[in-house]
Amino acid sequence: LFAAPCAFFFGAQHVDQLPPPDRPEIAFAGRSNVGKSSLINALTGRTRLARSSSEPGRTKQLNFFDLGGRVTLVDMPGYGFAKAAKAVKEDWQQTMFAYLRGRPTLARVLLLLDARIELKASDREVMELLDRAAVVFQVVLTKCDAVKPGALAAKNREVSAEIGKHPAAYPVIVETSNETGLGVDILRASIARVIAE
Ligand code: GDP
């Protein structure tokens, strides 16, 4: 699946302007700076496919990437900006909820969590959003190269305890690193399996 070419084809700022739901979709969500662009690039073998949220332009929209005509990868806007106004956050939540709830082809959300950082209220809020939208989500730990094995084990326990409270959570946590390539193959296989279902 991932040997196929991957290309950006659509950016949506509102849920009333999404591309037709004609293929299975896998969406990537996470706090800004979690390593989402880097992971999408690592998965697809591209270097500048997904742009970092630290770059202006493609940040506050849903970005759609076609992978070999078989699956659409969706880069969701990073959340958790500390400085964002309450109204902006609420607007983001409403847009995301509308997308999550209303997208019949959305097969799974990969929820990225930085292995170095404790779970934040915004992460829990997104998990609750996914529960309410009844969209299966799988936690992907990023930047695992940057934590010691003991800390990584503790992080896994923290996340396991949290997802135990969320009915929409898929129980397997994937550890990844864009530095070492850890977990990239597992994630590719996991996505291929979801698509085959
Ligand atoms: P995004 O905002 O979620 O799209 O995050 P980016 O992909 O732009 O990455 C944010 C920052 O984290 C950048 O400075 C990356 O170099 C760094 N980063 C991304 N992936 C990894 C990783 O696997 N390990 C480490 N140590 N740093 C990473």
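Predicted model: local features only at pLDDT ≥ 70, side-chain atom pairs only at ≥ 80, totals over all residues.
Figure 1. Along the principal axes, the C-alpha atoms fill a box of roughly 45 × 40 × 35 Å. A compact globule of 197 residues would have a radius of gyration near 16 Å, and the value for the protein chain, 16 Å, agrees with this. Buried residues account for 35% of the 197 residues. Of the contacts with a separation of 6 or more, 76% are between residues 24 or more positions apart.

**Figure 2. The open sheet of 7 strands.** The strand order is S1-S3-S4-S2-S5-S6-S7, and the pairing is mixed. Strand S1 (6-12) and strand S7 (174-175) stand at the edges; each has a single partner strand, so one side of each is left without a neighbour in the sheet.

**Figure 3. Strand S2 and its pairing with S4 and S5.** S2 covers residues 25-30 and pairs in the parallel sense with strand S5 (residues 106-114) over 6 bridges. The pairing of S2 with S4 is also in the parallel sense, over 4 bridges. Phenylalanine 28 stands opposite aspartate 75 in S4 and opposite leucine 110 in S5. For alanine 27, the bridge partner in S5 is valine 109. Because 6 of the 6 residues of S2 are buried, the strand is largely enclosed by the rest of the structure. Both faces are covered: Glu25, Ala27 and Ala29 are buried on one side, and Ile26, Phe28 and Gly30 on the other.

**Figure 4. Helix H1 and the elements it packs against.** H1 spans residues 36-44, and its buried residues are Lys36, Ser37, Leu39, Ile40, Ala42 and Leu43. An α-helix has 3.6 residues a turn, so residues three or four places apart point the same way. The buried residues of H1 pack against S2, strand S4 (71-75), S5, strand S6 (137-142) and helix H5 (184-196). Just after H1, glycine 45 takes a positive phi of about 70°.

**Figure 5. The largest nonpolar core, with a view of leucine 112.** In soluble globular proteins, nonpolar side chains tend to be buried together. The largest nonpolar core here has 43 residues, of which Ala27, Phe28, Ala29, Leu73, Leu111, Leu112 and Leu130 touch the most other members. S5 supplies the largest share of this core, 6 residues. Leaving aside its neighbours within four places in sequence, leucine 112 is in contact with Phe28, Ala29 and Gly30, with Val34, Gly35, Lys36 and Leu39, and with Val140 and Thr142.

**Figure 6. The crossing of helices H2 and H3.** Two packed helices are described by the angle between their axes and the distance between the axes. For helix H2 (residues 86-102) and helix H3 (residues 121-133), the axes come within 9 Å and cross at roughly 35°. H2 passes H3 in a right-handed crossing. On the H2 side, the contact is made by Gln93, Met96, Phe97, Leu100 and Arg101; on the H3 side, by Leu129, Leu130 and Ala133. Leu130 is also one of the residues that touch the most other members of the largest nonpolar core.

Note on methods:
Residues numbered from 1 in each chain as written. Pairing = 2+ DSSP bridges. Helix = DSSP H or I, 4+ residues; strand = E, 2+ residues; numbered from the N terminus. Rg over C-alpha atoms; globule rule 2.2 N^0.38 Å. Buried ≥ 20, exposed ≤ 12 C-beta atoms within 10 Å, placed from the backbone. Contact = placed C-beta atoms within 7 Å. Core = buried A, V, L, I, M, F, W, Y, C linked by C-beta atoms within 7 Å. Axes fitted to C-alpha atoms, helices over the stretch in contact; angles between N-to-C directions. Left-handed = near helix turned anticlockwise from the far one by under 90°.
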